[in-house]
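Colleague: Could you take me through this structure, which is new to me?

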Amino acid sequence: MTTTETSPNPTVTAPARKGNPWLPTLHGTFLVTRIELLRRRPSTKGWIFYGILLAAILGLGILVSVLSTAEKTSTPLELVLVLVLGAGMLIGPSLSATSINGDSGEGVLAPLQMTHLTAGDLAVGKLLSSWFVAFAVLVTTTPFLVYAYARSGWHLGELLLVLVVILFLVLTATAVGLAWSAIAARAVASVSLAHLTTGVLVIGTLVLFAFTAPLVSDTMTETDRYVAWDELSDEQSTALEDAYNTGDFSAVDPDALVCDEETYEYGIAHTERTAWMVLINPLVVIEEVSPLVNPLTFEEDGRAAPGIFANVHQMVSSARIGPTEADAQMMEYDECADIATMASGDDESADGGNAYQDTWEQQQEEQAMYPRTPWLGLGLQVLLLVGAMAIVTHRLRVPYRTLRTGTRVA
Amino acid sequence: MTVQAQAPTGHALHAQGVRRAFGSVQAVVNASLTLTPGTVTALIGPNGCGKTTLMLMLAGLLRPDGGTVEVLGHDPVTAGAVARKGIGWMPDVLGMWDSLTCTETLATFGRAYGLSKADADARAFTMLEKVHLADLAAQPARVLSRGQKQRLSLARALMGDPSVLILDEPASGLDPRSRIELRDLVRALAAEGRAVLISSHVLSELDEMVDEAVFMSKGVTLGESAEAEVARARARWRVTALPGHDVHAALSEAARDWSPVEGADASVAVVHVADADDAADLLASLVASGMRISAFGPVGSALEQAYLSIEQERR
């Protein structure tokens with residue numbers, strides 16, 4: 001026992017407090033973040049486990065980089081980025097979604113609410129602490145990331161931008177989990193709802209896009225022309241067969257050929273009206289901030305061949321552009337006209353083939369280089385983040401007006 | 001209902017006509033109480049009578065549907081921050097951060113109450129000594145027993161140096177020694193000038209701890225009738241003589257207000273006395289009249305007696 005005696009009223013070094021403040025403060029947010037991280041600190045066994053895990057990742061990273069060829073490819077980098085986003089969007093919400101109703105059930109929330117900490121302190125502190133854990137996942141993938149980046153043909157600025165966006169997406173997902181935790185009474189419900197929300201954004205948007213395609217489809221009429229083989233004379237059939245086999249159409253008289261016309265209807269989806277559904281997908285947001293790769297000139301540009309992201313960007317762009325004249329032209333098939341072109345001379349026949357090829361390549365390039373628009377997706381994420389945090393802060397304010405159904409204050 | 005505009009000065013906490021419903025369940029119907037600095041007030045009532053709900057409203061964690069609460073002159077609803085600042089609340093749930101040590105827990109709360117790091121650490125140390133947990137200071141909370149957690153919870157409520165202490169069932173699950181320590185601690189806290197409100201089921205313990213009692217039943221606090229009941233219960237003494245001695249006759253002869261004890265013979269009786277002096281006089285006269293008295297003292301717990309008789313009335 002010591003003889004230390006504190007004065008009954010130690011000076012409290014807090015500023016004068018009025019009303020019922022709720023805004024987060026720097027000191028309070030830091031304190032709550034620290035508490036939450038301290039509570040999750042691993043035991044000695046845990047540290048050993050994480051150490052072994054980290055060593056394994058490092059070793060694997062070194063092994064892969066030694067064994068791989070020098071050829072440029074962006075696929076490993078893209079896979080790592082998707083992995084980081086996926087892991088973050090699973091871990092962040094899993095932690096945050098039990099943070100409020102779990103604490104309340106354990107009886108460790110209300111004592112904190114009795115202190116000088118504001119609802120905002122608790123909300124932001126809990127958000128940041130869950131997010132930091134997801135951030136740690138990113139840090140553990142660094143060896144892979146460095147290796148994958150080295151051969152990806154990306155620039156450092158581009159990688160950093162994508163990483164920042166990934167961390168932001170994880171932050172939003174974590175905030176949504178926290179909001180569910182503030183709304184639902186039981187942890188099981190809030191965790192499920194948090195992952196459901198992520199699922200709706202990642203998979204639901206794609207499914208919805210696919211299912212709404214018929215709703216925005218127009219019916220187009222197309223006429224194809226074929227050679228009517230049944231009505232050709234034997235000589236004509238033989239000549240045409242030979243021409244197809246040899247590529248020499250000089251023996252064929254195109255004007256004498258009998259042609260059948262076939263008209264049919266097909267639907268084209270005006271995906272430019274529903275492309276926004278795809279654009280709010282977090283994976284698409286990541287792809288929309290990653291660098292454009294020109295499929296024709298990537299080698300001169302110092303890039304790797306178009307990888308997953310570039311191909312997805314092309315598909316998304318195609319959806320955003322919608323059906324074009326060129327699409328309609330490429331759909332139409334006129335065998336008789338083709339034969340006529342080819343019969344009229346070799347040069348033109350070559351041109352005819354190239355024209356089609358050129359249109360296709362031009363379209364590919366146009367889609368691949370179509371301007372990126374992450375803004376819709378990022379805008380929605382900002383809205384989700386602000387909305388979720390508003391809900392959390394509101395629900396953490398005391399005195400409580402309403403309680404989560406079937407719960408007690410604690 | 002007339003609502004007092006201002007609590008009389010000198011009152012640490014004053015509640016008037018407070019009510020609160022959860023959905024269709026009216027948890028607190030009409031509760032009024034006043035806490036005075038330096039006194040310990042007991043909040044007594046059966047399970048589910050609304051004690052915890054009332055305490056939550058007093059602590060500023062739950063918004064009352066009606067009525068007024070004033071903590072040190074502040075309304076916990078409109079001036080929540082400053083009202084809560086004056087209150088130390090110990091919940092009936094034993095929630096602790098499992099992986100933090102006792103010192104860490106308390107120091108963190110000190111920081112949350114706005115203390116500097118050095119002050120928080122120092123106060124954490126003092127509080128651990130105060131609740132006899134100093135030897136477990138470096139242990140994580142998960143290894144603490146129920147009673148130890150309870151004491152840590154009390155220390156936690158004291159980290160903000162509150163003028164008003166609201167303790168929800170602090171004695172439940174404590175061993176006899178811990179209860180005595182708790183009683184001494186609560187008395188010491190009141191002696192420091194704090195107003196203490198304590199709810200408990202262990203009425204015999206409260207008897208020796210509290211200055212005032214507020215009875216609560218079905219969401220209503222019982223006022224003067226209950227106080228009269230406590231006073232009456234405090235004046236009931238039990239007389240036991242050796243077998244064969246007729247205490248009943250002796251008491252009738254002394255013109256005392258007495259009643260027989262069910263299932264006992266004429267050697268046992270319960271008698272009303274005015275005060276301790278009167279009791280001593282009675283004992284002296286009984287002994288003088290030749291009675292061989294083997295036991296003489298107040299009947300059980302006064303609060304328990306009052307509690308039971310009130311409950312009986314309301315059935």
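Predicted model: local features only at pLDDT ≥ 70, side-chain atom pairs only at ≥ 80, totals over all residues.

Modeller: Residues are numbered from 1 along each chain as its sequence is written, and chains are lettered from A and ligands numbered from 1 in the order in which they are written.

Colleague: What radius of gyration does chain A have?

Modeller: The C-alpha atoms of chain A fill a box of roughly 120 × 50 × 35 Å along the principal axes. The radius of gyration is taken over C-alpha atoms, and the globule rule is 2.2 Å times the number of residues to the power 0.38. For a compact globule of 410 residues the value would be near 22 Å, but chain A has 31 Å.

Colleague: Which element gives the largest share of the side of domain 1 of chain A that touches domain 2 of chain A?

Modeller: An automatic or database domain assignment supplies the bounds, with domain 1 of chain A at 26–211 + 374–396 and domain 2 at 212–368. In the contact between them (C-beta atoms, placed from the backbone, within 7 Å), 30 residues of domain 1 of chain A meet 24 residues of domain 2 of chain A. Helices (DSSP H or I, at least four residues) and strands (E, at least two) are numbered from the N terminus, and α3, α8, α9 and α17 of chain A each supply at least two residues of that side of domain 1. The largest share, 8 residues, comes from α9(A).

Colleague: How are α1(A) and α6(A) oriented to each other?

Modeller: Helix α1 (residues 26–39) and helix α6 (residues 119–140) of chain A pack at about 45°, with their axes 7 Å apart, where axes are lines fitted to C-alpha atoms, for helices over the stretch in contact, and angles run from 0 to 180 degrees between N-to-C directions. Angles under 35 degrees count as roughly parallel, over 145 as roughly antiparallel, 65 to 115 as roughly perpendicular and the rest as oblique. The two helices, α1(A) and α6(A), are therefore oblique.

Colleague: How many nonpolar residues are on the side of chain B that touches chain A?

Modeller: The contact takes 41 residues from chain B and 35 residues from chain A. Ala, Val, Leu, Ile, Met, Phe, Trp, Tyr, Cys and Pro count as nonpolar, Asp, Glu, Lys and Arg as charged, and the others, Gly among them, as polar. On the side of chain B that touches chain A, 10 residues are polar, 10 are charged and the nonpolar ones number 21.

Terms used. Contact = placed C-beta atoms within 7 Å.
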